[in-house]
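Reader: I am new to this model. Could you take me through how to read it, one feature at a time?

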Amino acid sequence: RNTADGKGVDGGLLPDANGKEPSPGGQREDRGKWQKPRITRKSLMKCCLVKWIIDSTTNTQGPESSDCELELSTVRHQPEGLEQLQVQTQFTKKELQSLYRGFKNECPSGLVDEETFKNIYSQFFPQGDATTYAHFLFNAFDMDRNGSIRFEDFVIGLSVLLRGSETEKLRWAFNLYDINKDGYITKKEMLAIMTSIYDMMGRYTSPSVRDVDPSEHVDKFFQKMDRNRDGVVTIDEFIETCQKDENIMASMQLFENVI
């Protein structure tokens, strides 16, 4: 989270909105307008979900690329062809092959369940409680609301988060904060998401954050977003406010750094 003077109260643990590594004091190097970060292989590998997949391919002998054309008979869900997913995402065919190898190794059924998400984040954030955040993130990926995530939904979501446009990322963020999926964000929903992130990692940042910080964060930004004061934030209000306020835009990048 960034304060009004541009200093992150999270102690510079997270990259700033330009995708740069923070300075030791958490001071933002660029006070200008938010720019789309350049996604490098190094930054791609910072994604917990990508690391989970790639680690699996290094620990288990994966199939040849021809096998990655998804000609599988033993899985409950058989994904669409890689060529179609290449059109739907910003990933290359080679990247999709690597992601699918790891996905199949970790999830032979072809589907990811919520317990898997909880296990992933408990491994990457062992110092905190990642259970609630993993639950919210799983629901954001689970577009069909059926308790499981297909490979297609998994990589399409990752593509938006890692390589999508500014508007696409904000729409995805809105979907994350809209917990009950009714098309609106309430202050209670926003607080629940932010608290889950702080529970997972906020209390272990340097300098440490106070328990009230999630509430202060939400009060400040919800007031700016709820322009007509009706107690809820629409997707238009959300996107417009984020795009016009660089502090909010920087803060909204928080969820990107814990995927």
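Author: Let us start with a single residue and its neighbours. Contact means heavy atoms within 4.5 Å. Leaving aside residues up to four places away in sequence, Ile-156 touches Gln-88 and Thr-89.

Reader: Where does Ile-156 lie?

Author: Ile-156 lies in helix 7. Helices are DSSP runs of H or I with at least four residues, strands are runs of E with at least two, and both are numbered from the N terminus.

Reader: What separates the C-alpha atoms of Ile-156 and Gln-90?

Author: A distance of 8.5 Å separates those C-alpha atoms, although Ile-156 and Gln-90 are 66 residues apart along the chain.

Reader: Is Ile-156 buried, exposed or partly exposed?

Author: The general idea is a set of cut-offs: buried is under 20% relative accessible area, exposed is over 50%, and partly exposed is in between, with a 1.4 Å probe and protein chains only. Ile-156 has 28% relative accessibility, so it counts as partly exposed.

Reader: What kind of model is this, and how are residues numbered?

Author: This is a predicted model, where local features need pLDDT of at least 70, side-chain atom pairs count only at pLDDT 80 or more, and totals for chains, interfaces and linings use all residues. Residues are numbered from 1 along each chain as its sequence is written, and side-chain values use heavy atoms, with hydrogens and water left out.

Reader: What pLDDT does the chain average?

Author: pLDDT is the predictor's confidence in each residue, from 0 to 100. The chain averages 75, and 65% of the residues score at least 70. Over residues 1–45 the pLDDT is below 50, and this stretch has 94 contacts in the model beyond near neighbours in sequence. Residues 60–76 also have a pLDDT below 50, with 30 contacts beyond near neighbours in sequence.

Reader: How many helices and strands are in the chain?

Author: The chain has 12 helices and four strands. Of its 259 residues, 49% count as buried. Take the contacts with a separation of 6 or more: residues 24 or more positions apart account for 63% of them.

Reader: How do I read a pair of packed helices?

Author: Look at the axes. They are lines fitted to C-alpha atoms over the stretch in contact, and angles run from 0 to 180 degrees between N-to-C directions. Helix 4 (residues 93–106) and helix 7 (residues 151–163) pack at about 130 degrees, with their axes 11 Å apart.

Reader: Why is helix 4 called oblique to helix 7?

Author: Angles under 35 degrees count as roughly parallel, over 145 as roughly antiparallel, 65 to 115 as roughly perpendicular, and the rest as oblique. The angle of about 130 degrees therefore makes helix 4 oblique to helix 7. Residues making the contact include Leu-96, Leu-99 and Phe-103 of helix 4, and Phe-151, Phe-154 and Val-155 of helix 7.

Reader: Which way does helix 4 pass helix 7?

Author: A crossing is left-handed if the near helix is turned anticlockwise from the far one by less than a right angle, and right-handed if clockwise. Helix 4 passes helix 7 in a right-handed crossing.

Reader: At what angle do helix 5 and helix 6 pack?

Author: Helix 5 (residues 114–124) and helix 6 (residues 131–141) pack at about 130 degrees, with their axes 9 Å apart. The two are therefore oblique to each other. Helix 5 passes helix 6 in a right-handed crossing. Among the residues making the contact are Phe-117 and Tyr-121 of helix 5, and Tyr-133, Leu-137 and Phe-141 of helix 6.

Reader: How do I read phi?

Author: Most residues other than glycine have a negative phi. Lys-181 has a positive value, near 60 degrees. Lys-181 lies in the loop between helix 8 (166–177) and strand 3 (185–186). Its relative accessible area is 27%, so Lys-181 is partly exposed.

Reader: Where does Arg-229 lie, and what is its phi?

Author: Arg-229 lies in the loop between helix 10 (213–225) and strand 4 (232–233). Its phi is positive, near 55 degrees. At 53% relative accessibility, Arg-229 counts as exposed.

Reader: Which residues does Ile-235 touch?

Author: Ile-235 touches Arg-171, Phe-174 and Gly-183, not counting residues up to four places away in sequence. Ile-235 is found in helix 11 (residues 235–244). Ile-235 is partly exposed, with a relative accessible area of 24%.
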